[in-house]
Amino acid sequence: MTSTPSTRRRPSGTIVSRAAAILFLLAVVAVRCSSAVLETTPERPVVDQATPPVAPAPRASPDASPTPSPDTAVTLPDEPVSAAPPALPLARDHELVQAGAAVQFVTPWSEPGSPTEVAQVVTRTEAVVRDPRSSDTERTAAAHEGQRAQRLLAAMPAWREEALAALAEPTRRAVTANLTARDALDRLTGNGDLPDALPAWEVVEPEPAEQLLQHYRDAGEAMGVDWTLLAGINLVETRMGRIVGFSTANARGPMQFIPPSWVAFGAGGDIDDARDSIFAAARHLAERPGSPPSDRNALFGYNNSVHYADAVLAYAQLLREDPDAYLGYHGWQVYFTTDAGPLLLPVGYREEQPVPLAEYLARPAVVVVG
């Protein structure tokens, strides 16, 4: 089921005039950004969300998870902590889309320069994500910054032991699970060259976290399936529904159903509707093939890959132990892997045809926070 979605239009929210959008664009567009800007990160490109048109090359298996040293743990702060993103205009969704502006999207955060700095960023951002006093904007920005730090750690195996040792529980457990899932997805997409074009996708706002969570719980309860499996699939397949479109296998919708599977499990629903798609996934998983039936066998039926199952189960196990981790996952953004590095495809990215990488990188750079 994990394959590359292509574009399907979804109605935008507030439609601004072209003149207003152009004024907004002039306010936020920086000087043209060369590919070197995106190549400064030491992170090895990997795909977060779904299998790219051409899969990236394999990476060596990671080292075994270390035993952290308790006396080096970073404690979570007692007071509210701000994700403190730079005070820059937000190039978000509909202004640029409605203007039809050809831009590339970049983030303002500099990458941590050491394992200790990675641990500090993750600790700070996790505190914001889990603080009930955080606004939705603060939580999303913090989740995204923490995601970037963990992507860096996934690409730097030599940093893992020191960074994990510097984390307190439950943050250490969450990062370990995320690294396990990421390594599995890297192995899933581990053959071939990196793509030389940006995908024909539309990236949209997901449904609110609480609403999606209710869908998972309702569908899980109705079909006798653990809700965490549904959340893990939604995260891996389309970043909680952010990626809209068909895939190379003609899979579609937030849970990426191919046509025969939708006929079997869709129950006449709307494949593009989050709730209908999540319920269909629960029906699919409820079959639990194999002897004895198990969650792993159910995932094999959904996507016949050991690595896919490993990734979803790593996320699901963490959510069972630490349900608040879901708030961070809901804020994770879409990154696409290329030879120039991992490129952010934020809400508002919409391309109806694949865009050659060189053409995309020659566009004006627009900074995106959150």
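User: Before we look at any helix pair, how do you know where a helix axis runs?

Analyst: Axes are lines fitted to C-alpha atoms, for helices over the stretch in contact, and angles run from 0 to 180 degrees between N-to-C directions. This is a predicted model, where local features need pLDDT of at least 70, side-chain atom pairs count only at pLDDT 80 or more, and totals for chains, interfaces and linings use all residues. Residues are numbered from 1 along each chain as its sequence is written, and side-chain values use heavy atoms, with hydrogens and water left out.

User: What makes a stretch a helix or a strand here?

Analyst: Both are DSSP runs, numbered from the N terminus: a helix is H or I with at least four residues, a strand is E with at least two. On that basis the chain has 15 helices and 9 strands.

User: Why are α9 and α13 called oblique?

Analyst: Helix α9 (residues 227-238) packs on helix α13 (residues 306-321) at about 125°, with the axes 8 Å apart. Angles under 35 degrees are roughly parallel, over 145 roughly antiparallel, 65 to 115 roughly perpendicular, and the rest oblique. The pair is therefore oblique.

User: How do you know which residues of α9 and α13 meet?

Analyst: Contact means heavy atoms within 4.5 Å. Among the residues that meet are Trp227, Leu229 and Ile233 in α9, and Tyr308, Val312 and Leu319 in α13. By class, this contact has 12 nonpolar, 2 polar and 2 charged residues. Here Ala, Val, Leu, Ile, Met, Phe, Trp, Tyr, Cys and Pro count as nonpolar, Asp, Glu, Lys and Arg as charged, and the others, Gly among them, as polar.

User: Why is Arg275 called partly exposed?

Analyst: Buried is under 20% relative accessible area, exposed is over 50%, and partly exposed is in between (1.4 Å probe, protein chains only). Arg275 has 30%, so partly exposed it is. Arg275 sits in helix α11 (residues 274-286). Leaving aside neighbours within four places in sequence, Arg275 is in contact with Gln214, His215 and Asp218.

User: And what makes Arg239 and Met240 count as buried?

Analyst: Arg239 has 2% relative accessibility, so Arg239 counts as buried. Met240 also comes out at 2%, so Met240 is buried. Arg239 is in the loop between α9 and β5 (243-244), and Met240 has its place in that loop too. Neither is a glycine, yet phi is positive: near 55° for Arg239 and about 65° for Met240.
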